[in-house]
Amino acid sequence: MNKKLFFFVLAFSVIALSQPTNWEWVATRPTGNSINDIAALPGGKVLFVGDNNTVLTTTDNGTNWNVIYPDAVNRSRDIYEVDFVNAQVGYASGTNGLLFKTTDGGVTWDTLSTGLAITFWYLDFIDADTGYVVGSSAKALKTTNGGATFTEIPIGSTSAVIYDVRVVRPDLIYLGTSSATPGRLLKSTDYGTTFLPVAGYTSTQTVREILFVNDNLGFTGTSGYTINRTTDGGATWTEQDLGTGTIYDIVFFDTLNGAAAGADGNVFVTSDGGVTWNILQTGLGAGANVYAIFKGTNPNELFAGTYGGRIARSTDKGLTWTILSQSLTLEEIRNVEYLNGKLYLCGGSTTAADSLGEVFRSDNEGATWTKLPFNPKYRIYTMDWINDNVAYFGVRSGTGIYKTTDGGVTATALSPGIMSSTGIWYDIQFLNESVGYAAGSSGVMVKTTDGGATWTEVVDPFGTSAIYKMDITDGQTIFIVGSSGKIAKSTDSGATWALQTSGTTSTLYDVDFVNTNIGFICGSSGRVLQTTDGGTTWTSAVTNSTMTLYSVRAFDSSRVIVGGSSGEILYTYDGGANWSKVANRIAGNTFYAAEFVSANVYLVGSGGNVIKGLFDPSIPVELTSFSADASGQEVVLNWTTATETNNLRFEIERKPSVGNWSKIGEVEGSGNSLSPRSYAFADKNVQPGAYSYRLKQVDYDGTFSYSGTVTVNTGVPEEYTLAQNYPNPFNPATVISYTIPVSGNASLKVYDMLGNVVATLVNEFRQAGSYSITFNADRLSSGVYYYSLSSGGKNITRKMMLVK
């Protein structure tokens, strides 16, 4: 049962961004979305599916990853199950009616229609044509024509959830359900026409997994953390209780050796045919429930996937494991801060048994992380770094403010004294190392002027309402927000306060001012407030969101981003006049805090997840095309820009198929330009082989960005070819490569589903050689498109998918 991320083309070419873009997982990698199922294909390709429409593939055991999101209809739908019948044909199912089919090994996926918007928990196919799909509302469906049509099979219930279907033979099929009516375990012996309860099965637990090693030896895994075993084809069963949790998946190598997915990153292994099961640690971490375990194509090989995107591999039938994913923690991250080239995170657990408060530091904007030694034994809600050594942390209780003077190696508990033993310090802000404020539960607010040695209570007008956030705009002006829609302002460093009219009773969680006049607040029920007069009046923005919004950060007075529950990310580029939602792949996560680092924004939140996106639309250059044409031993690069700002030059870099990137030349930029510009560069006397090229765009101040890569083969090709575009699906740009063995006219066009030409990429004489061109579909809508190469009397057509 149940990147590395690769951002390819035009990574910097977005001067007129329609929305924050280039989102990537900083932690966990390659994804923070839960992994729900796994499939191993010939040639070492392993495919993982998961929440929020995630499909990951690797061909080198996790050294490199490719991620696609095939659902163009609803980007937040989860994929729960995948089943391949051969190297090319596979099916996938999930929430809200999700049902896909692939015929190219998972590169592209087509949507199948059943007319049902239910959750399809499981599917099992006999061959490319015949299979079963099951899910909520007691739905069991069968297809005999590869998913073109489905027939519903009644099971004697309309409310039970069918979690599993297992085809032992074409005439012998089992179903696992949530209800005693019609039965926890059902069986068909007439090719799926009718299903009846298995008389000898007496477990009262919900069946989440069914596996039969052969006609007689079978197992079920349940929500009660039990494994049931039969050796007589289901006539009788024995049950083994493994503790607390759910068994989501079971796999066997032969009749003796098998493994089962467990809770908290554990797996169970057996070497006696399931008579006994031994628990083993995978190292995936507490809280990382294993949702999927699957045999690889190599002997004794297993892959495991968990909640929160953790992935591991075993080469000895599950006895030992290697972690393939990269992650920091499964606990909540509640704050993020960037200072002096260092990125800091803090969070942890509120579970007493965990005793876990965490602080992480990255010196390279999230590429690698160090966990700092300081641990207050409870979640850290807030922090404020003064310099590389000095920082303050907010935890809970009257001694719940901590100060470090050695960069987080150790910290001393300070004693403001007035917070209750269970009260939380939600925010700390310091003007310098000496003067600072802290606020939290029950309207408690304190001030220090001696670096935390002593504290005085600030009498604010919140009463017992929690203060969730402060913003100090000019050293003396302070805004606080919190429960019951309360906003207060002080203009004398907290000595006196005035309540402001918010117009709402929604809880307000964050406030951020650009200057003393312009500020933004976010809160529950999709609430965003904005002011242009220092809080004298607050206007409620139309966000079309109903989520709880926890974090607001203003890049400047025009550009603002908001993060919240269910992966909600809102943004404005016009000072709040219009708000839009980011189409993201992280709907199951909650974002508690955001921070800008140069042109990027980082959002942090639940499950230890950190994501990064490009936010600043004022990128120096808008690159509209980039292509590479190979003829003999010469490669000609062509690229165009729509606009340029402070563009000093382009540096051209080349990388052979085996080797590193190196600079081979440069072309002067146009400085500032509002009209299209075209550029070319010829790389001569190139030895035969495969080469990748990219552009390094350098600004006048020395900042730079890289384009995506294009790849060509030098030497005369032997045949006409049209490669599958990459990436695919794509948004908004993708690379198409093709070869022509004989010089002549060539045409490369893109068509929509109705056969209309939507783009002509090439229509001219071409020398024999290899070519690569970027297709930018930013003006097209999501959907399936076809691209066709015509040359020398040959016509080749392929399909691609645009997902926005």
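Reader: In which strand is D512 found?
Author: This is a predicted model, in which local features need pLDDT of at least 70, side-chain atom pairs count only at pLDDT 80 or more, and totals for chains, interfaces and linings use all residues. Residues are numbered from 1 along each chain as its sequence is written, and side-chain values use heavy atoms, with hydrogens and water left out. Strands (E, at least two residues) and helices (H or I, at least four) are DSSP runs, numbered from the N terminus. The run that covers residues 508-513 includes D512, and that strand is β46.

Reader: Is D512 buried or exposed?
Author: Buried means under 20% relative accessible area, exposed over 50%, and partly exposed in between (1.4 Å probe, protein chains only). D512 has 13% relative accessibility, so it counts as buried.

Reader: Which residues does D512 contact, leaving aside its neighbours within four places in sequence?
Author: Contact means heavy atoms within 4.5 Å. With the sequence neighbours set aside, the partners of D512 are D471, G519, F520, V552, R553 and A554.

Reader: How many Å separate the C-alpha atoms of D512 and I664?
Author: The two residues are 152 residues apart along the chain. Their C-alpha atoms are separated by 46 Å.

Reader: Why does A260 count as buried?
Author: A260 lies in strand β23, which covers residues 258-261. Beyond four places in sequence, A260 touches I227, I247, D249, I250, V267, F268 and W277. A260 counts as buried because its relative accessibility is 0%.

Reader: What separates the C-alpha atoms of A260 and G221?
Author: Along the chain, A260 and G221 are 39 residues apart. In the model, their C-alpha atoms are separated by 8.3 Å.

Reader: How many helices and strands does the chain have, and why is it called as compact as a globular protein of its length?
Author: The chain has 70 strands and zero helices. The globule rule is 2.2 Å times the number of residues to the power 0.38, and the radius of gyration is taken over C-alpha atoms. For 804 residues the rule gives 28 Å, and the chain is therefore as compact as a globular protein of that length, with a close radius of gyration of 29 Å.

Reader: What share of the chain is buried?
Author: The C-alpha trace spans about 80 × 75 × 45 Å along its principal axes. Of the 804 residues in the chain, the buried share is 59%.

Reader: What is the phi of N61, and what is that of N96?
Author: N61 lies in the loop between β4 (54-58) and β5 (66-68) and, at 29% relative accessibility, is partly exposed. N96 is in the loop between β7 (90-94) and β8 (99-102) and, at 38%, is partly exposed. Neither residue is a glycine, yet phi is positive in N61, at about 55°, and in N96, near 55°.

Reader: Where does pLDDT stay under 50?
Author: pLDDT is the predictor's confidence in each residue, from 0 to 100. The chain averages 90, and 95% of the residues score at least 70. Where pLDDT is low, the predicted coordinates should not be read in detail. The stretch under 50 has 89 contacts beyond four places in sequence in the model and covers residues 1-18.
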